[in-house]
Protein chains: 2
Amino acid sequence: MSDYVNMNTLKFLVKDVFDAKKLCELKRFSDYDMDSFEILMDSNKSFSDKYLKPFQKEMDQNPAHYKDGKIIVHPSVEKVMRSAGENGSIGATFDYDDGGMQLPHLIHQANGHIAGCANNGAIGYPGLTEGAANLIVTFGTDNLKKKFIPKMLNGDWGGTMCLTEPQAGSSLSDIVTSASKLNDGSFSIKGDKIFISGGDHEYCENFIHLVLARIEGAPKGTKGISLFAVPKNNFNSEKITESNNVTTIADFQKLGEKGFCTTHLAFGEKGISKGWLVGEKNKGLSHMFQMMNGARIDVGMKGASLSTSAYLSSLEYAMNRPQGRRIKGSGNKDIQENQALITEHPDVRRMLLFQESISEGALSLVLQCSLYHDLSNASDDDVSKEKYHNLLELLTPIAKTFPAEKGLESISNGLQVLGGYGFCTDYDLEQYYRDIRIMSIYEGTTGIQSLDLMGRKIVMKNGAAMKLLIEEFKDTIESAIAYDELKPYAEHFKTNSKELGDVIMKLLEYALKGDHERYISDATIFMEYMSNIVVAWQWLKMATVAKTSLVTGNNNYSKEFFEKKIHTMKFYFKYELSRTSGIKNILLHPESLTIIEKEKKVFI
Amino acid sequence: MSDYVNMNTLKFLVKDVFDAKKLCELKRFSDYDMDSFEILMDSNKSFSDKYLKPFQKEMDQNPAHYKDGKIIVHPSVEKVMRSAGENGSIGATFDYDDGGMQLPHLIHQANGHIAGCANNGAIGYPGLTEGAANLIVTFGTDNLKKKFIPKMLNGDWGGTMCLTEPQAGSSLSDIVTSASKLNDGSFSIKGDKIFISGGDHEYCENFIHLVLARIEGAPKGTKGISLFAVPKNNFNSEKITESNNVTTIADFQKLGEKGFCTTHLAFGEKGISKGWLVGEKNKGLSHMFQMMNGARIDVGMKGASLSTSAYLSSLEYAMNRPQGRRIKGSGNKDIQENQALITEHPDVRRMLLFQESISEGALSLVLQCSLYHDLSNASDDDVSKEKYHNLLELLTPIAKTFPAEKGLESISNGLQVLGGYGFCTDYDLEQYYRDIRIMSIYEGTTGIQSLDLMGRKIVMKNGAAMKLLIEEFKDTIESAIAYDELKPYAEHFKTNSKELGDVIMKLLEYALKGDHERYISDATIFMEYMSNIVVAWQWLKMATVAKTSLVTGNNNYSKEFFEKKIHTMKFYFKYELSRTSGIKNILLHPESLTIIEKEKKVFI
């Protein structure tokens with residue numbers, strides 16, 4: 001088994017770049033130290049070696065599927081849920097009071113990375129359970145917590161998020177699932193929910209579905225949506241008593257992530273499905289969104305993980321595959337020579353470096369967000385909390401989108417490294433290529449993330465978050481510029497970050513003129529532009545820490561390790577950051593070509 | 001069944017942009033007129049409706065596979081081979097004397113487009129038979145032609161190309177399959193060939209494999225490779241007599257193109273496999289390459305066809321899918337309104353226009369090459385023949401690569417238009433996303449094509465082909481610039497084409513200094529750059545013909561049809577051509593980051 005995760009790079013990020021030790025100075029995390037973080041990561045790796053990685057292909061080849069009203073999943077799902085319950089990882093980041101471990105998100109995500117590199121599909125089951133439990137913990141009454149949380153955290157019960165309905169898709173204002181109050185204070189929930197990941201299987205005795213629905217008489221649109229916890233089965237303190245009439249009526253067969261079931265659930269069709277209001281009436285969507293932000297970071301990590309394991313897989317192939325000969329001097333090849341390893345061919349090196357620059361850039365960005373998450377939760381003062389919260393909000397759509405979009409490109413390059421073999425099911429790459437494609441769709445498509453970035457995050461609080469990000473950029477530039485080797489890159493980045501500000505100001509003119517549709521019409525292109533720059537920032541940061549390590553003689557990793565990080569930064573700057581000037585041209589282009597004009601039917 | 005091919009656009013290209021009628025003035029094509037071309041295309045469409053499109057999904061869901069020494073394929077393969085034989089399409093472009101129809105490649109490729117949009121996998125079977133027959137017709141003796149060709153052209157026998165071997169991959173200099181002369185003048189062929197498309201199935205009674213092998217004692221490397229025709233079964237004038245010991249020992253299960261079998265063949269393992277030398281001894285590779293150029297154009301067309309049917313599929317979905325509401329004025333949505341069709345959202349329009357601009361740009365480029373092919377074959381004078389041959393040679397790697405690489409991106413956008421549904425096997429998009437991935441690998445990977453473009457085609461005959469292309473660009477610019485509406489685009493393109501020349505001159509400095517490895521190290525990026533500009537040329541050409549049609553009142557298509565072509569050209573220029581300035585930055589970047597330095601082990 002080739003290694004599927006780069007533990008050195010992960011630890012370098014956690015320890016050296018994001019300085020996890022410093023988190024332990026905060027009260028919330030004061031029971032931890034760096035050693036305990038490392039022990040957790042290492043034990044996670046051992047678990048993944050044994051129970052996750054070996055089933056990755058098997059789960060793909062034996063897709064979860066619907067049969068006679070049930071969903072059949074791979075048997076390893078039992079072990080995954082059971083262990084996640086036993087080792088506390090479902091509620092790892094929760095408060096002690098809620099049965100959690102108060103682990104920093106930074107470490108929790110690092111663990112998620114290891115597991116996600118090993119088996120991206122399997123970890124969705126505990127992942128969604130965590131998300132659902134988190135909603136109850138955050139917004140539910142003590143009574144609800146007592147009712148649901150212990151069984152969810154110990155892995156006996158699964159959890160899901162039920163948002164999408166057939167007629168509404170991404171447009172949550174249009175959901176129609178209804179909730180009518182019953183005498184005991186609970187609600188009768190009625191409606192269909194589709195694309196429910198991890199919605200049902202035999203290895204959890206119960207599921208708690210977190211469902212968006214409208215209480216009868218609620219206002220139209222997003223302001224009339226409430227959040228409910230709806231168990232699959234009713235229960236008393238001792239055991240499951242009877243069905244709560246949540247029925248699994250179909251599944252979705254998919255391009256990838258085949259081991260992770262996707263279901264169609266019907267509530268209240270065969271009898272009453274009782275649900276309990278979570279949080280405030282009509283505030284369901286904003287409650288859900290608080291959780292959704294976490295889920296978006298998780299999707300970002302899944303993209304980063306798939307890209308990473310794809311990179312390592314391509315690399316291993318390339319380092320063992322002789323083919324052709326180097327082109328030297330005036331272009332002649334010497335066929336008397338033995339064949340060269342394909343890692344000697346510049347084009348193969350380019351593809352591998354591209355994979356590395358994208359997968360590690362993505363990983364770094366997701367961990368950056370996790371650190372901000374921790375600092376926004378646990379900082380000592382409110383000003384800091386607010387600051388890191390703003391940064392987290394701004395970067396979340398980017399951390400969700402970059403690993404998905406560029407990760408796909410990077411995996412496709414990885415498949416290409418293997419040539420014809422990459423297209424064959426004997427190798428892993430084709431699975432990664434299929435699996436990652438959902439990451440641009442899960443938890444809000446790239447289009448939706450881009451609208452969020454431009455329409456909300458850039459402009460929120462008068463651009464406060466953007467200003468903070470520019471400050472963060474400046475800190476990194478200052479540290480980098482001190483080294484002669486890094487100076488040109490720091491300056492290149494400085495130019496780019498200034499241009500980013502200019503582009504935003506220019507685009508805002510449309511919004512200020514009241515033409516909001518034009519302002520957001522190229523949001524996805526803006527996302528491509530800004531995320532390219534944000535990841536350059538991460539690379540400059542990594543290269544600076546690597547350089548400092550070389551200078552100060554940090555012995556945790558080899559000299560080559562640090563040099564490689566600097567090299568890959570240079571690669572990213574040449575091959576990726578250079579592209580921004582073209583993308584900027586699109587954004588500043590005066591023509592509007594995608595806005596419908598009623599008199600022109602452009603698609604006939 | 002939604003329409004899978006845009007017959008209007010195809011006819012616009014064939015008739016109006018590439019003026020197929022003019023070909024009929026050449027002696028070779030003088031039996032044809034535009035009406036007969038149209039009849040052929042229409043009857044091809046009817047056939048595809050009935051016999052190709054209906055099995056597209058079925059062939060994917062029931063992959064061709066190896067069982068007990070045989071390859072099992074979908075039963076519709078029989079009908080496909082049979083009909084291709086009956087309607088003459090296998091040898092359509094061959095000389096009358098060789099049993100062909102002397103049909104222009106332009107029309108043959110247009111027919112291939114229709115069939116490829118309907119069922120990309122199925123058409124591989126007659127397609128490879130055509131390629132193999134073409135090699136025999138071009139280089140074989142009369143005796144060989146008589147022996148093999150009639151049965152191949154009537155579809156009774158299949159044909160394949162056997163190049164790749166496990167240890168050699170793309171490096172054909174390293175193939176080891178051997179040929180030793182037998183007393184009757186034939187050769188005994190011995191060796192393994194992998195990735196043989198269409199290599200075996202029960203619906204052809206025989207297969208003629210075109211095999212690269214080394215005659216004993218031949219020089220090492222590419223200069224010692226010869227080409228052989230090796231039948232699966234021996235035969236006499238009446239019937240198949242006995243096995244020729246070509247055995248199918250395995251298949252490859254793949255990400256996509258699952259209906260089109262990929263096999264592992266062993267020659268001479270169980271007894272003598274007799275083969276006949278085709279063409280000159282030790283000239284096998286150059287013979288094969290003549291054919292390969294045609295195969296590369298075919299792959300380009302497959303990419304263009306998949307992108308086209310994906311576009312039409314996304315478009316149909318989008319035009320029937322209500323979701324959300326337009327963002328108007330200051331950004332508020334009116335939830336009292338009915339949901340809008342998603343074609344009203346700028347981001348969805350952007351994705352659809354992207355799909356259209358890529359798929360039609362790719363189609364146009366492939367047809368352009370087919371026209372050059374015809375003119376290089378059938379022009380009246382040698383100067384013209386040479387001119388069009390050079391243009392064809394130069395554009396072939398681009399016509400192979402652009403539809404594959406950008407087609408993948410376009411299909412991925414198409415999948416995104418459907419959101420979660422796009423990821424589900426109930427819709428076509430996920431199949432297209434899988435199928436197109438092979439096009440960057442088939443018949444020489446993108447890396448190989450890019451080396452060919454920069455290392456051979458750009459520099460051949462002292463840049464002669466490049467000069468001709470610049471002349472072609474100039475003609476298009478001149479026609480476009482005459483229209484006020486098109487003038488800015490013509491000028492934009494002029495700047496780009498000038499920059500292309502500058503970039504080439506700059507890069508050639510490396511080669512002139514003797515550093516060939518550096519010269520070709522970013523060949524794939526150069527391919528991305530140049531193909532972007534070449535397709536912009538195609539769009540400018542299409543827009544100019546559309547504009548002329550509007551001005552002169554061409555009634556073959558609607559006013560909206562022509563306006564849409566101009567609109568999509570503008571889209572391509574804004575959203576794609578604008579990117580070249582970023583790509584140029586990469587090419588002109590002074591750092592070398594992908595060339596191995598022996599002292600640095602960059603991949604540890």
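**Helix packing, strand pairing and the chain contact**

The crossing of H17(A) and H19(A) is left-handed (the near helix is turned anticlockwise from the far one by less than a right angle). This is a predicted model, in which local features need pLDDT of at least 70, side-chain atom pairs count only at pLDDT 80 or more, and totals for chains, interfaces and linings use all residues. Residues are numbered from 1 along each chain as its sequence is written, while chains are lettered from A and ligands numbered from 1 in the order in which they are written.

Helices (H or I, at least four residues) and strands (E, at least two) are DSSP runs, numbered from the N terminus. The axes of H17 (residues 523-552) and H19 (residues 580-588) of chain A come within 9 Å and cross at roughly 150°; axes are lines fitted to C-alpha atoms over the stretch in contact, with angles from 0 to 180 degrees between N-to-C directions. H17(A) and H19(A) are therefore roughly antiparallel (angles over 145 degrees).

Turning to chain B, strands S4 (residues 178-181) and S5 (residues 187-197) pair in the antiparallel sense over 4 bridges, pairing requiring at least two DSSP bridges. B:Ser180 has B:Ser188 of S5(B) as its bridge partner. In the hairpin, 5 residues lie between the strands, and B:Gly185 takes a positive phi near 90°. S4(B) also pairs with S6(B) (residues 206-215), in the parallel sense over 2 bridges, with B:Ser178 opposite B:Arg214.

Finally, the contact between the chains takes 81 residues from chain A and 82 from chain B (C-beta atoms, placed from the backbone, within 7 Å). On the side of chain B that touches chain A, H18(B) gives the most, with 7 residues.

How values were computed:
Contact = placed C-beta atoms within 7 Å. Parallel < 35°, antiparallel > 145°, perpendicular 65-115°, else oblique.
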